Amino acid sequence: MTHSRFGWLAVAVAGLALSACATPRMHTVDELNSASLACGLTYGELIQDEEAKKLLILFRTKPTPEHRHCVHQYARRNHLKMVVLDSVQFPEEAN
């Protein structure tokens, strides 16, 4: 009986180790827009870059704590790290 318990424990530990190393995948624009809307944001305010798949970028000026919390939960569920860009200044175009 003790041997079979050890086997189940080993399987459980291995499963946790593998889930901790889960590689994030690229989400489609539709998936990101759906998450944006679910969090009270608009289209295009959640971005995932091909070269930094682990990052979920919240691109919104002064996001509320509720927005941040919702996006953070989505990021955790999908093995992503949330990054907030809330004050971006673009250079003026030369005329």
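This is a chat about a predicted model of a protein chain.

Visitor: How many helices and strands are there in the protein chain?
Guide: The chain has 3 helices and 3 strands.

Visitor: And in what order do the elements run from the N terminus on?
Guide: They run α-α-β-β-α-β.

Visitor: What is the bridge partner of isoleucine 57 in S3?
Guide: Valine 83 is the partner of isoleucine 57.

Visitor: Where does helix H3 come in, with S2 and S3?
Guide: Helix H3, residues 65–77, makes a β-α-β unit together with S2 and S3. The unit is right-handed.

Visitor: How many residues has H3, and what distance does it reach?
Guide: H3 has 13 residues and reaches 18 Å from its first C-alpha to its last. That is close to the 18 Å expected at 1.5 Å a residue.

Visitor: Which residues of H3 are buried?
Guide: His67, Val71, Tyr74 and Ala75 are the buried residues of H3. They cover an arc of only 100° around the axis, so they sit on the same side of H3.

Visitor: What covers those buried residues?
Guide: The cover includes helix H2 (29–38), strand S1 (46–49), S2 and S3.

Visitor: Which exposed residues are on the face turned away from the buried side?
Guide: That face of H3 carries Pro65, Glu66, Arg76 and Arg77, which are exposed.

Visitor: Back to histidine 67. Why does it count as buried?
Guide: Histidine 67 counts as buried because its relative accessibility is 11%, and the cut-off for buried is under 20%.

Visitor: What is histidine 67 in contact with, leaving aside neighbours within four places in sequence?
Guide: Histidine 67 is in contact with Cys39, Gly40, Leu41 and Arg60.

Visitor: What follows H3?
Guide: Histidine 79 follows H3, and the phi of histidine 79 is positive, near 60°.

Visitor: New topic, the whole chain. What share of the residues is buried?
Guide: Buried residues make up 21% of the 95 residues in the chain.

Visitor: Last one. Of the contacts between residues at least 6 apart in sequence, what share joins residues at least 24 apart?
Guide: Among those contacts, 50% join residues at least 24 apart.

Methods. Residues numbered from 1 in each chain as written. Predicted model: local features only at pLDDT ≥ 70, side-chain atom pairs only at ≥ 80, totals over all residues. Heavy atoms only, no water. Pairing = 2+ DSSP bridges. Helix = DSSP H or I, 4+ residues; strand = E, 2+ residues; numbered from the N terminus. Right-handed = clockwise from strand over helix to strand, strands pointing away. Buried < 20%, exposed > 50% of the residue type's maximum accessible area, 1.4 Å probe, protein only. Contact = heavy atoms within 4.5 Å. Expected span 1.5 Å × (residues − 1). Arc of directions from axis to C-beta.
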